[in-house]
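Biologist: I have a model open and want to learn to read it. Where do we start?

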Amino acid sequence: MRPVPLSVDLENGVLPGLGSEIVTHRPPCSGQIQRWPAAGKSMIDSAIAAAREALDPWRAIGTQERLKSLQALRNQLKDHRDEMVDLLVEDIGKPIRYARGEWARALALIDAAAQQVDAGQDRSPTETGYRREPLGVIALIGPFNNPLAIPVGKIVPALLYSNAVIWKPAIPGTRIARRTAELFAAATNRPELLQVLGGGEGTARELMSSCDAVTLSGSLRTGRVAQEICGVRQTPLQAELGGNNASIVWRDADLPAAASSIAEGAFAFAGQRCTANRRAIVEMGVYDRFLDELVAASARLTWGDPTNEQTQIGPLISSASCTRVASVIERAKKSSLIVMRPLEKSQTPPGDAWLSPAIICCDDPTHEVVQEETFGPVLVVQRAKDWEEAIWLGNCVEQGLAAALFSGSTRLIEDFLRRAKAGILKINCSTADAAVDLPFGGWKASGIGPPEHGPANREFFTRMQAIYFP
């Protein structure tokens, strides 16, 4: 695999209107351009019609045959491990160690979804009772940061519950999505059940306006657009919308371990994870000691070529994204906030999509660096004078995906679990990452509709129907 980038500017050249062409500059290819058709209304209508025609035969084969088909997809992904990992490194600049982790997570999500399915789900009741019915054709709007695992975690349960999926990937993930759909077709010989349509916002809007349900991972803005569309149409919506995640570090915590966990959780993959640690709320008595440990832990992280086995921090997804996050850091400096750059003196990789991680000290809970998710390598550190303020600071932002507490106190852990307003709560580990067999979803602005994964899959991809007999 060749060394990766340097520059990727996804915003430039993207034509978001229906039926136009989308253009991306691949990170590793020194300006090599990918061009994809942006699906227009006629292409979307044709895809939905083909998917609807495939639904009845897919349901008729029964749960066990569907499980076999999706196991065949798993085998295809397993057999093409190196290819899929290379695509993740090449097309989104994901460090190879995390690309391999994403590939493994995709397989684990298939296994977890299969374990949750009821083998008798296709049987209709013979006496008064209820059953669960599939929704139909699902629109999947995918993110750029986990363009394989997140969609697979939605696709597999949707298909297991007898739905079909039309997938509009994030533009940088288009090649990955198309290859995954090819592997699905090879595994099942049913290409109509999983179709990929490239495009930008116009394609996404039209697709959401035409399908029977929508599942997406994306920004707050994307979620609000989807909510408006689905609300008018009264169609089910499942939206995971990222998080401004905080870890509380208390006086009895193992400070070196907490600092190491939070630094990796904040800066790995350049902070481009929805569960990344965005904020650290530290009890005032250990604030200075923790900050020293945090700077040291951050300086030990490695950044550079994503093809290097040791690299933890690669480029941002685009030069435009890099400029946006850098401007947030510059405004913080102009606000007289303390900004530390632990890796700034190390050699900067060439190109315009790289940004040295920043630790920003901010005691103003209303400042933009506290209130707004940067989705980049930025960690905000806040002081808390007591436990009540720490809990308040953790909850005082719009989003509520993940929250963590570093403490050995049973009393504080119990209080944290009772009062933290987030869908994912973690003890003595960073907010980053999540299990494949537990519900994944945010509270407040971080989520709309049921969560993903585990027992939550059935709650979204089917609906209950009561059956009465005399």
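**Reading helix H3 and the spaces**

Modeller: Start with a helix length check. Helix H3 (residues 81–92) has 12 residues, so at 1.5 Å a residue it should span 16 Å; its end C-alpha atoms lie 17 Å apart, which agrees. The expected span is 1.5 Å times one less than the number of residues. Helices (H or I, at least four residues) and strands (E, at least two) are DSSP runs, numbered from the N terminus. This is a predicted model: local features need pLDDT of at least 70, side-chain atom pairs count only at pLDDT 80 or more, and totals for chains, interfaces and linings use all residues. Residues are numbered from 1 along each chain as its sequence is written, and side-chain values use heavy atoms, with hydrogens and water left out.

Biologist: Which residues of H3 are buried?

Modeller: Buried means under 20% relative accessible area, exposed over 50%, partly exposed in between (1.4 Å probe, protein chains only). In H3 the buried residues are Met84, Val85, Leu87, Leu88, Val89, Glu90, Asp91 and Ile92. Gly93 follows H3, with a positive phi near 70 degrees.

Biologist: Why does Glu206 count as buried?

Modeller: Its relative accessibility is 17%, so Glu206 counts as buried. Glu206 lies in helix H7 (residues 201–208).

Biologist: How much space lies in the largest pocket?

Modeller: Definition first. On a 1 Å grid over the protein atoms alone, a cavity is a set of points where a 1.4 Å probe fits but cannot get out; a pocket is an open set with protein on both sides within 12 Å along at least five of seven lines; lining residues have an atom within 4 Å of a point. The largest pocket holds about 1300 Å³. Its lining has 43 residues, and Phe144, Ala170, Gly218, Ser219 and Thr222 are the closest to its centre. H7, helix H8 (220–233) and helix H11 (319–334) each give two or more residues to that lining.

Biologist: What is the volume of the largest cavity?

Modeller: The largest cavity has about 140 Å³. Ala246, Gly394, Asn395, Ala402 and Ala403 are the closest to its centre, among 21 lining residues.

Biologist: What is the mean pLDDT?

Modeller: pLDDT is the predictor's confidence in each residue, from 0 to 100. The mean is 92, and 93% of residues reach 70 or more. Over residues 1–19 the pLDDT is below 50, though this stretch has 71 contacts (heavy atoms within 4.5 Å) beyond near neighbours in sequence. Where pLDDT is low, the predicted coordinates should not be read in detail.

Notes: Points joined across faces, edges and corners; volume = space filled by probe spheres on them.
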